[in-house]
Amino acid sequence: MSDNNENQIISGWKYYNHAMIPTCEPHEIPNLKPLQSGTLLKNRDVWGGGKDRPLFARWTEDYDCGYETTFWYCIKDDIFDISALKSKRRYEIKKGLKNFDVKVIDPFQYSEQLYDVAVMAFSAYPEAYRPKIEKRAFINGIDEWTITGSTVFGAFDKESGRLCGYAQLIKQARAINFNIEKTIPEFESKGVNAAICMAIVLYYQKEIEKGYYIVDGARAISHETHFQDYLEKYFGFRRAYCHLHVKYKWWVLLAVKALYPFRTMIEKSKSSLAHNITGVLRMEEWKVRE
């Protein structure tokens, strides 16, 4: 079989962090033919992974099944109504709106400031998975935002005019992917996150009325975050439950089975290797039993 044919077979999938994941929207059914044929996890560069090789494939089925499962997408598919919130939560949102102006920005115009925000945001991450950002690579990466048709929101402090946070979203056929949200930690108490999220739900209100939904991704696997809980409590996001599936390479499966009984012990380690292993073992715990 030619490389061209293989590239056609694996269309609908992408390589990410040693995994193959579908490129379809959450509500769509992924193309499982390349997985069933064995092409997807071959040790070849047809997926563009270079020296990095996929260790497993991960996908979901039965999107928004209507009953609770161990896996979900965090989505917003109805109109936001601030009056339905508890008074304390309304206050926090209004505080953010009082302190920040949020608007759609040209990311090239603010590339230096976006980089500064990202560096300060990542500085608050646990060391086990705190990324190192190279400035030139970050700014060059803004090109990809443009290629994918991203909409970028910037939050500016009303007193100083400083960019204190940003969010990047990509609109697809029906899903609006809430890809990135980064803020300077010292401004979070002033409500910068609330101001950004409020701007987003209002900006996409007409799309939601037409059947679109904003999705903040799936259940967090590796990162320690409470952002999805925040979106649910303050902005009416909900869990669209589904079923997680994972297919490992044979030797990865053996390693997972050997390490799984020790997952609690491994999770306590602060090393980056243990952190990565913990992510895989969590998927093993949450996946559907075949």
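**Legends to the overall and close-up views**

**View 1. Overall dimensions of the protein chain in the predicted model.** Taken along the principal axes, the box filled by its C-alpha atoms is roughly 60 × 45 × 40 Å. The protein chain contains eleven helices and ten strands, and of the contacts between residues at least 6 apart in sequence, 70% join residues that are at least 24 apart.

**View 2. Burial and surface of the protein chain.** Of the 290 residues, 45% are buried, while the accessible surface amounts to about 16,000 Å², with carbon and sulfur atoms accounting for 50% of that area.

View 3. When neighbours within four places in sequence are set aside, Glu-207 is in contact with Lys-171, Ile-176 and Tyr-212.

**View 4. The second largest pocket and its lining.** This pocket holds about 260 Å³ of space and is lined by 13 residues, among which Arg-219, Ala-220, His-223, Glu-224 and Thr-225 lie nearest its centre. Helices α8 (227–235) and α11 (272–286) each supply at least two residues of the lining, and α8 gives the most, with three residues. Sorted by class, the lining of the second largest pocket comprises six charged, four polar and three nonpolar residues.

Notes
Residues are numbered from 1 along each chain as its sequence is written. This is a predicted model: local features need pLDDT of at least 70, side-chain atom pairs count only at pLDDT 80 or more; totals for chains, interfaces and linings use all residues. Side-chain values use heavy atoms; hydrogens and water are left out. Contact means heavy atoms within 4.5 Å. On a 1 Å grid over the protein atoms alone, a cavity is a set of points where a 1.4 Å probe fits but cannot get out, and a pocket is an open set with protein on both sides within 12 Å along at least five of seven lines; lining residues have an atom within 4 Å of a point. Grid points are joined across faces, edges and corners, and a volume is the space filled by probe spheres set on the points. Helices (H or I, at least four residues) and strands (E, at least two) are DSSP runs, numbered from the N terminus. Ala, Val, Leu, Ile, Met, Phe, Trp, Tyr, Cys and Pro count as nonpolar, Asp, Glu, Lys and Arg as charged, and the others, Gly among them, as polar. Buried means under 20% relative accessible area, exposed over 50%, partly exposed in between (1.4 Å probe, protein chains only). Accessible areas come from the Shrake-Rupley method with a 1.4 Å probe; for residues, only the protein chains shown count as cover.
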